[in-house]
Amino acid sequence: MYKLYIDDNPMEIDLDAALGAMTEQRRTKVMAFKHEQGRKLSAAAYMLLCKALREEYGINEAPLFEYSEHGKPAIVGHPEIFFNMSHCRSVAACVVSSSPVGVDVEEVREFKKSLARYVLNDEEYSMISSAPQPDREFIRLWTMKESCLKLTGEGITRDLKTVLVDTAKYHFDTQQFGSAILTVCSFFI
């Protein structure tokens, strides 16, 4: 089971206050974003993690991360806590769990056949092409794929057309937040 934390107004974050509450490691990552929007969104997701750690685990210190081969973060000194963060223009999200978990959130945007052909297999493409709202269906599938890759720690390192071919071991929970679609992926237990 997981706990999902959402900020549906991440652009309202007080960036200076958030930066002051972060580790130097995270400040560096946040400030690496070229524009303020990216900085605020990254900071908002991290602050959700801090809130989750306080509320779920009683951890008040800002977390320091270590990274897997493909960049999946883990909290130094807490191998028992699994988490994942994501953000888009209108939503920041963080999920915490006692088992591996992945989350992705994306804004619904115009459906582009060329992108769909690149990331979807023939069955997925056919399903989206016949959907009443192909733009929403594409983002739903995209968030499923990305949350699954974030769960496994692979990141986008393999053929995206094959990500959802064998999903029997995964549980997907997809929700809509305004103009965004969010999917949490976890292993069936």
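Glutamine 175 has leucine 182 in strand 8 as its bridge partner. This is a predicted model, where local features need pLDDT of at least 70, side-chain atom pairs count only at pLDDT 80 or more, and totals for chains, interfaces and linings use all residues. Residues are numbered from 1 along each chain as its sequence is written, and side-chain values use heavy atoms, with hydrogens and water left out. Helices (H or I, at least four residues) and strands (E, at least two) are DSSP runs, numbered from the N terminus. Two strands pair if DSSP finds at least two bridges between them.

- Strand 7 (residues 170-177) pairs with strand 8 in the antiparallel sense, over eight bridges.
- The two form a hairpin with two residues between them. Glycine 178, in the turn, has a positive phi of about 60 degrees.
- Strand 6 (residues 101-107) also pairs with strand 8, over seven bridges in the antiparallel sense. Here valine 103 stands opposite valine 184.
- Strand 8 (residues 180-187) is mostly covered, with seven of its eight residues buried. Buried means under 20% relative accessible area, exposed over 50%, and partly exposed in between (1.4 Å probe, protein chains only).

**The 1-5-4 sheet**

- Three strands form an open antiparallel sheet in the order 1-5-4. Strand 1 (2-7) and strand 4 (82-87) are the edge strands, each pairing on one side only.
- The twist averages 15 degrees from one strand to the next.
- Six bridges join strand 1 to strand 5 (residues 92-97).
- Strand 4 and strand 5 form a hairpin with four residues between them.
- In a regular strand the side chains alternate between the two faces of the sheet. Both faces of strand 5 are covered: Ala92, Cys94 and Val96 are buried on one side, and Ala93, Val95 and Ser97 on the other.

**Helix 3 and serine 42**

- Helix 3 (residues 36-57) lies across strand 1, strand 4 and strand 5, at about 30 degrees to strand 5. Axes are lines fitted to C-alpha atoms, for helices over the stretch in contact, and angles run from 0 to 180 degrees between N-to-C directions.
- Serine 42 lies in helix 3. Serine 42 counts as buried because its relative accessibility is 2%.
- Serine 42 touches Arg26, Val30, Phe33 and His87, not counting residues up to four places away in sequence. Contact means heavy atoms within 4.5 Å.

**Helix 5 against helix 6**

- Helix 5 (residues 122-129) and helix 6 pack at an angle of about 145 degrees, with their axes 8 Å apart.
- The contact residues divide into five nonpolar, no polar and four charged. Ala, Val, Leu, Ile, Met, Phe, Trp, Tyr, Cys and Pro count as nonpolar, Asp, Glu, Lys and Arg as charged, and the others, Gly among them, as polar.

**Largest pocket**

- The lining of the largest pocket has 26 residues, and Gly71, Pro73, Asn84, Met85 and Lys150 lie nearest the centre. A pocket is an open set of points on a 1 Å grid over the protein atoms alone, where a 1.4 Å probe fits, with protein on both sides within 12 Å along at least five of seven lines; lining residues have an atom within 4 Å of a point.
- Strand 4 gives the most to this lining, with five residues.
- By class, the lining has 10 nonpolar, eight polar and eight charged residues.
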